[in-house]
Amino acid sequence: MSAIEYVSTRGGVQPASFGEVLLDGAASDGGLVVPTTLPVIDEERLREWRALDYADLATAVIAPFAADIPSDELAAMTHRAYAPEAFDDERIVPVTALDGGIGLVGLSEGPTWAFKDLAMRFLGEAIPYRLAATDRTLTVLGATSGDTGSAAEHAFLGAHGVRVVMLSPQGRMSPVQRAQMFSIDDPAIRNLAVEGVFDDCQDLVKTISADTAFATAHSIGAVNSINVARIIAQTVFYVWAWLRATEEVDGRAADERISFVVPSGNFGNVYAGHLARRMGVPIHRLVVATNENDVLDEFFRTGVYAPRTREHTHATSSPSMDISKASNLERFVWDLLGPERFVERWPELAREGRLDLRDELPRLREEFGFVSGSSDHAHRLDAIRDVYRTHGIVIDPHTADGVSVARTFTEPGERLLVLETAKAVKFPETVAEALGDDAPPVSDAVRALLALPQRVVDVPGDVDAIRAVIEELD
């Protein structure tokens, strides 16, 4: 197939190559970057890929999307990004059977103990490569609800030509999440705690990224899930997990269907699963699991997308999912409606504060395989307790949301693979509440991390305040 081009969901920019969109966040017209076509993954290719290690699989999956990176350079990037010594498990992504037809996809073996490491480590190789080739520098502007920030800052620590300005909501992350970010001592990294919720941080990033003059003058780019390259890198672990879950039947799922349960707030991770499914990976269902901030669950149950205001965004014990405006849903709606109908329908969201797609509800389930459910604090505690007592595995609260929702969707002949969000050590208070005296003690490594000095600046939720920080870096 010819090289994949990338366009904006809003239709206001010219098609571009992977290298051209790699450094960008939101498109200049305010939309999100999407690929115009997708490669095909058929049964023969899946059989060929079964013997690959994670780095080689990443090369194979990403290569069609990144046709302007020479194959040997891409392979070198993925082998550096997914070197076994950088992960706590040499398999990179272990897949573990639980009970009742549920499995666990271990995505948190990387250096910051969160699934964000898997895509971010690739970006930490690809972006400096692109900068060196074009003699550019980049100011990475990001928003995090907990784990993107630390994964990005560790991935780009010491990278030539890259500076990081990371926005996070004041008081909304766990102590370990804050320590992983704020303890970094590097003049090229600035942490800003924004007054408000994650959605406010995300809106600030999109506003600044869409200001073409300012973004160009200060070389603004993004690495959170509005960056399409990060989404592409995340499709790799869906392919990997499907291959591992079906190893015993030589590349075929036989009569056992494989579905994925994805704890989600911003829809980036599950959108990567959607791409893998569209490419041909035999994924039966994509189960969206939310916490009390259930705007995505509401959409997939009712067909109505109605983002909440900050006053109606709950602070929960799975804080990385405390999101009520799912930015990446725009990409899926573009797929759902097609480019022309999307441009007609999407403005309804700004006018009415909601997007009514009830007429598309059957397609969400039948054509795209989406179902959804929500979990709350009590369900999280029950899931953490049950998985530990049955299997000796301590899961974090977000993964517990996934397990809780998975239990409501189990069917004979189907295996539900829950995507792990982070290591439980990042959320010791909730784990202790669930397990009591059985809770593992805080490790020396975590104690040492929490004792480090922290460097963070509190700022109002104001575009000019963020612009001022970026200007100071020049």
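1. Contact, as used in this note, means heavy atoms within 4.5 Å. Helices (H or I, at least four residues) and strands (E, at least two) are DSSP runs, numbered from the N terminus. The model is predicted, so local features need pLDDT of at least 70 and side-chain atom pairs count only at pLDDT 80 or more, while totals for chains, interfaces and linings use all residues. Residues are numbered from 1 along each chain as its sequence is written, and side-chain values use heavy atoms, with hydrogens and water left out.

2. Two strands pair if DSSP finds at least two bridges between them. An open sheet is formed by 6 strands in the order 3-4-14-9-10-13, and its pairing is mixed. Its edge strands are strand 3 (95–97) and strand 13 (370–374), each of which pairs on one side only. From one strand to the next, the twist averages 25°. Strand 10 (residues 283–290) and strand 13 run parallel and are joined by 5 bridges, and Thr-290 stands opposite Ser-374 in strand 13.

3. Strand 14 within this sheet. Strand 14 (residues 414–419) pairs in the parallel sense with strand 4 (residues 102–105) over 4 bridges, and Val-105 stands opposite Leu-419. Strand 14 also pairs with strand 9 (residues 257–263), again in the parallel sense, over 5 bridges. Here Val-418 is the bridge partner of Val-261. Strand 14 is mostly covered, with 6 of its 6 residues buried; buried means under 20% relative accessible area, exposed over 50%, and partly exposed in between (1.4 Å probe, protein chains only). In a regular strand the side chains alternate between the two faces of the sheet. Accordingly, Glu-414, Leu-416 and Val-418 point one way, whereas Arg-415, Leu-417 and Leu-419 point the other way.

4. Axes are lines fitted to C-alpha atoms, for helices over the stretch in contact, and angles run from 0 to 180 degrees between N-to-C directions. Helix 10 (residues 228–245) lies across strands 3, 4, 9, 10 and 14 and runs at about 140° to strand 9. Helix 18 (residues 397–406) lies across strands 4, 9, 10, 13 and 14 and runs at about 165° to strand 14.

5. Strand 7 (residues 189–194) pairs with strand 15 over 3 bridges, and Leu-192 stands opposite Val-457.

6. The nonpolar core. A nonpolar core is a set of buried Ala, Val, Leu, Ile, Met, Phe, Trp, Tyr and Cys residues joined through side-chain atoms within 4.5 Å. Of the 109 residues in the largest such core, Phe-267 and Phe-332 touch the most other members. Helix 10 gives the largest share of this core, 14 residues. Not counting residues up to four places away in sequence, Phe-332 touches several residues, among them Phe-267, Tyr-271, Phe-299 and Phe-368.

7. A buried arginine. Where does Arg-331 lie? Arg-331 lies in helix 13 (residues 329–337). With a relative accessible area of 1%, Arg-331 is buried. Not counting residues up to four places away in sequence, the residues that Arg-331 touches include Thr-9, Val-33, Asn-227 and Tyr-271.

8. A helix pair. Helix 4 (residues 71–81) and helix 5 (residues 116–134) pack at an angle of about 140°, with their axes 8 Å apart. The two helices are therefore oblique to each other; angles under 35 degrees count as roughly parallel, over 145 as roughly antiparallel, 65 to 115 as roughly perpendicular and the rest as oblique. Residues of helix 4 including Leu-74 and Met-77 meet residues of helix 5 including Phe-122 and Tyr-129.

9. Positive phi values. Asp-135, in the loop between helix 5 and strand 5 (138–143), has a phi near 55°, a positive value in a residue other than glycine. Is Asp-135 buried or exposed? At 74% relative accessibility, Asp-135 counts as exposed. Ser-219, in the loop between helix 9 (212–217) and strand 8 (220–221), has a positive phi near 50°, but Ser-219 is buried, with a relative accessible area of 18%.
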